[in-house]
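Please read this briefing alongside the sequence and the structure shown below. It begins with the chain as a whole and then turns to the RNA and to a few selected places.

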Amino acid sequence: MSDSETARYDFATAEPYWQGQWDKAGCFAAEDVPSGARPKYYVLEMFPYPSGKIHMGHVRNYTLGDVVARYKRAQGFDVLHPMGWDAFGLPAENAARENKADPASWTYGNIANMRGELQRMGFSLDWSREFATCDPEYYGQQQKIFIDFWKAGLVERRDALVNWDPVDMTVLANEQVIDGRGWRSGALVEKKKLSQWFLKITDFAQELLDGLKTLERWPERVKLMQENWIGYSQGAEVYFKLTADIGDFAGIGVYTTRPDTLFGMSFLAIAPDHPLAREVGRDNVAAAGFIAACASQGTSEAAIETAEKRGFDTGLRVINPFNGETYPVWIANFVLMDYGTGAIFGCPCGDQRDLDFARKYDLPVPVVVAARVDEVPVIGPKALDGEGVIVNSGFLTGLSTAEAKAVAIARLVEMGAGKGVTNWRLRDWGISRQRYWGCPIPVIHCTACGPVPVPEHDLPVILPRDVSFERPGNPLEHHPDWSHVDCPACGKLARRETDTFDTFIDSSWYFARFCAPQSETPTLLAAVNHWLPVDQYVGGIEHAILHLLYARFFTRALERTGHVTVKEPFAGLFTQGMVTHESYKDEGGSWLYPEQVIKSANGAVHRDTGLPVTVGRIEKMSKSKRNTVDPAAIVGKYGADTARWFVLSDNPPERDVEWTESGVQGAYRFVQRLYRLAVQVAGERRVALPATVSGEARKLRQLTHRTIAAVTEALDSFAFNVAVARLYELTGALSATQGDTDEMLFARFEGAAMLARLVAPMMPHLGEEVYGRLCPGQGLVAQQPWPQANQALLVLDEVTIAVQVNGKLRGTVTVPAGQEAGPTLAAAELAVAAVLAGQTIVKKIHVPDRIVNFVVKP
RNA sequence: GCGGGCGUGGUGGAACUGGUAGACGCGCCGGACUCAAAAUCCGGUUCUGGUGACAGAGUGUCGGUUCGAUUCCGACCGCCCGCACCA
């Protein structure tokens, strides 16, 4: 055999060929409502935004999911593994403004290109389920869902303050406001009150919190982040009477988690945008000035001055219900209007912020918390915000802080001055966006009837394509006639809502639509009933809160409105790390692409100029730093399997992986090595399993079966890098074997065939190629069951165990596996006789098949 | 500030419920093949001392529990992530 010529794996031919074979055999197609009896497994990766090209993050994300999908399929599961496009969003509008491109054409063009790139990776996807969220067939169903939510009381319309960019004439998300200016226009952002649609996620706050406990296969830190975001807190609402009414106000409601410290009150503070503050500002110029100063604080100087607490004494006084004394009312910049009631009672001894404030304005600091009853502490610069004993507090004195909370609340209720309440950090979800490229909100505004839902027979409300991006602002508002419609209720001329949905809605139910993407209802109950929840969801940690929380809420709302039958969408979640790369700068400080840099022993130089290049930090691949590697180029040079193998092999998938050229070359070497091995073994004489297998051949068989067990365990626990290591090991051992006895030929063939099947979830094309050569005519690896380790071969014949003296390794001894203590200890003693000479053995420890330890003294 | 996580060779990392630390990959060193190169194959590679068998040290630092600690406990140092005046 001329191995140098024939034994070169031509991935460029093989990869498309096997993709065609899978397609022809329908390997990855699932049914909406399966007729078979196989158990179901739904694998889903977060679907991509169609930016135009796939990047390495996609390669990693979809490779991880694909390994799971292929592995579960081999284990006999009926696997659903779909793909689609998160296709609405601002980049399409920006492209329209910059290149005069139509957002729809731009988006669908990008999708076509990315679909091709994904298909070249050989992912085991059911492409017949593909959809884009900008398809009217999808977003029309979403409009139906919205109307159902509305009918179920989960939708509200109310005024809200938004970040308004006066140049772009659009609403900005918080993260689009940089130093108080719009990220695109650079204009100073205004706070503007707009009538907006809200989904009542807070109705589910308790359920969303409790539900986290049921998510056993979610990363702890994601659950913790959601828990903090939901922000459960328990406390009391306390009502303070004003000594004199002002306007319509006779008193102020305050939320506190520390009703036990009410006797330690020093002042009451309200938020600058509290209605009472505005009332005070009406005829108090100084107060109005302070309030205005606080309002502008939200912008550029905010970052600098955050720590500085400032206040304004209104001159008003309130009465503490517990001790009847009066306290001043301040307006304070650190009190937030949208948490609790927008007002606090200040207890400087038990709260650091209150203490800072009291010190600054020279307010009293009554001491009401102590470590012990008989010890009244002196308050320095630190407040006593922990647990303790209540002192100087009338009927609460002597109680623990926990007891005092309950007693205080009971007394407040008795007095009619307050009650125990639960508070949440979570806010309702504002879903209106003044944007074009999104799902139209299916509402008609009538001056007589108010907002009216678009009747179901008029759905979908289709996004018009004849829009102009010449003017700033939302093109839907400028459209000559789109918004002019008759009111569905009274028939008079009315106006269509021109806002579109937050695109997070699009991704909040796509997993349910994938179960039956052609359904004429948003979901097909029989299908979602079968497939949901998603068994394994894979995506980036950056979605730990928003997307994953919205999807959890949406699923509960869909359940309430009868669209799905589960409460949690994702039973298992895996969050993968980022793909990183070195960054490079030339002498002028400009970023360089990796392919512009040549590295040698004396440092890095520019490919064209030969000038020195600075090698910078390893950072997440990003276009701005030019440290990107294009998957298409890698696939062209090394093939899809090499790219897949590399992203799996280098480190645990939850961590960031650094893309290195030498690492990829290593992966490519392995591809070729495995292929050569297979060609060699395929050319050998084929024998049946001999009656007995011993010696080297038996050892090889044992390694093969240990590898099956180890790879199976590694895949079950997402330890793909460990699976890779075990496969390298088996390949190395197979290459090293010699001899052509029947037993060796059998052992080698078995090892190679198992290797093909074990490697197939990770490198599916090579797996087919190798399996096809070894086992011609036996079908596709993609349709083979997962190999089972032969238990008899997992039991070792003999073991080499460590022999320690006083816990230090002094030798090893090889004994039959499972041998009992007596003979093992005797052999061990012999092995370390030199060390034991002249010592007295105090104790002999024997852990079967593991270790022997002699405790000695002179 | 609050909450969470992580520290292992030159490097990415492995190590089951405490039981031979460094699997496997990358890099590096040496060798084979070749006119040469590429490709491939073989050997070595934690550190220190020694030609060597071997000896000593070693999983961020210090201490504890144990026959035995990368693993368990305590304190400290460093790095990363999330939230951020949430009353």
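Helices (H or I, at least four residues) and strands (E, at least two) are DSSP runs, numbered from the N terminus. On that basis, chain A has 27 helices and 35 strands. This is a predicted model, in which local features need pLDDT of at least 70 and side-chain atom pairs count only at pLDDT 80 or more, while totals for chains, interfaces and linings use all residues. Residues are numbered from 1 along each chain as its sequence is written, chains are lettered from A and ligands numbered from 1 in the order in which they are written, and side-chain values use heavy atoms, with hydrogens and water left out.

**Chain A overall**

- Taken along the principal axes, the C-alpha atoms of chain A fill a box of roughly 105 × 85 × 65 Å.
- Of the 858 residues of chain A, 53% count as buried, where buried means under 20% relative accessible area, exposed over 50% and partly exposed in between (1.4 Å probe, protein chains only).
- Among contacts (heavy atoms within 4.5 Å) in chain A between residues at least 6 apart in sequence, 71% join residues at least 24 apart.

- Sugar and phosphate account for 62% of the atoms of RNA strand B that come within 4 Å of the protein.
- By class, this surface has 18 nonpolar, 13 polar and 16 charged residues, with Ala, Val, Leu, Ile, Met, Phe, Trp, Tyr, Cys and Pro counted as nonpolar, Asp, Glu, Lys and Arg as charged, and the others, Gly among them, as polar.
- Elements that each supply at least two residues of the surface include α8 (220-230), α20 (661-682), β32 (798-805) and β35 (851-857), while α22 gives the most, with 6 residues.
- At Thr800, a polar backbone atom is 2.6 Å from a base oxygen of RNA strand B.

**An enclosed helix**

- Helix α19 (residues 640-649) is largely enclosed by the rest of the structure, because 10 of its 10 residues are buried.
- Among these buried residues are Asp641, Arg644, Trp645 and Phe646.

- Arg757, found in helix α23 (residues 742-759), is buried yet has no salt bridge, and the nearest side chain of opposite charge, Glu750, is 8.7 Å away; a salt bridge is a side-chain nitrogen of Lys or Arg within 4 Å of a carboxyl oxygen of Asp or Glu.
- Leaving aside neighbours within four places in sequence, Arg757 is in contact with residues including Tyr771, Gln784 and Trp786.
- His846 lies in strand β34 and counts as buried because its relative accessibility is 19%.
- The C-alpha atoms of His846 and Leu825 are separated by 7.3 Å, although the two residues are 21 residues apart along the chain.
- His58 has its place in helix α3 (residues 56-74) and is buried, with a relative accessible area of 9%.
- Not counting residues up to four places away in sequence, His58 touches Pro48, Lys53, Thr63 and Met114.

Notes:
Lys and Arg count as positive and Asp and Glu as negative; His and the chain ends are not counted. A residue is near a molecule or strand if one of its heavy atoms lies within 4 Å of it. A polar contact is a pair of N or O atoms within 3.5 Å; within protein, one must be able to donate a hydrogen and the other to accept it, and residues adjacent in sequence count only if both atoms are side-chain atoms.
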